[in-house]
Amino acid sequence: QVQLVESGGGLVQPGGSLRLSCAGSANIFRVYAMGWHRQAPGKQRELVATITSGGSTNYGESVKGRFTISRDNPKNMMYLQMNDLKPEDTAIYYCNANFEFPSGSVSEFWGQGTQVTVSS
């Protein structure tokens, strides 16, 4: 059973920084693409950043230049460094792991989420 556990959320002032971590319980980090998504109250879940097993990254437009996604495969860990945080970054942040098989089927897992609140 694959488990993803996020940590590092909290309350931070505008302009501050936080580092989120995602720990995986199984050896999915070798082949799974990983990512961070977020959901603010009353809004749809949106993509924040993704990183492939090889380290290629992609970011949502609203976080480009401020957030950095990284992964440590041997440690089964993924991170999201968030700088210059803004009130609109307030959301629950979710860790995601996904793998697309040659057949087209997808294996996907989600963490339970960690709250990030940006407020003065």
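Biologist: In this predicted model, are C22 and C95 buried or exposed?

Modeller: Both C22 and C95 are buried, which means that each has under 20% relative accessible area.

Biologist: How do you know that a disulfide joins C22 to C95?

Modeller: The S to S distance of C22 and C95 is 1.9 Å, and a pair of cysteine sulfur atoms counts as a disulfide within 2.5 Å, so the pair qualifies. By this rule the count comes to 1 disulfide.

Biologist: What makes the link of C22 and C95 left-handed, and where in the chain do the two cysteines lie?

Modeller: The angle about the S-S bond is -70 degrees, and with that value the link of C22 and C95 is left-handed.

Biologist: Why are strand 1 and strand 3 said to pair?

Modeller: Two strands pair if there are at least two bridges between them, and strand 1 and strand 3 (residues 18-24) have 4 bridges, so they pair, in the antiparallel sense. C22, in strand 3, is the bridge partner of E6.

Biologist: Which strands make up the sheet, and what makes strand 1 and strand 7 its edge strands?

Modeller: The open sheet is formed by 4 strands in the order 1-3-8-7, with antiparallel pairing. Strand 1 (4-7) and strand 7 (67-72) are the edge strands, because each pairs on one side only. From one strand to the next, the twist averages 15 degrees.

Terms used:
Residues numbered from 1 in each chain as written. Predicted model: local features only at pLDDT ≥ 70, side-chain atom pairs only at ≥ 80, totals over all residues. Heavy atoms only, no water. Axes fitted to C-alpha atoms, helices over the stretch in contact; angles between N-to-C directions. Buried < 20%, exposed > 50% of the residue type's maximum accessible area, 1.4 Å probe, protein only.
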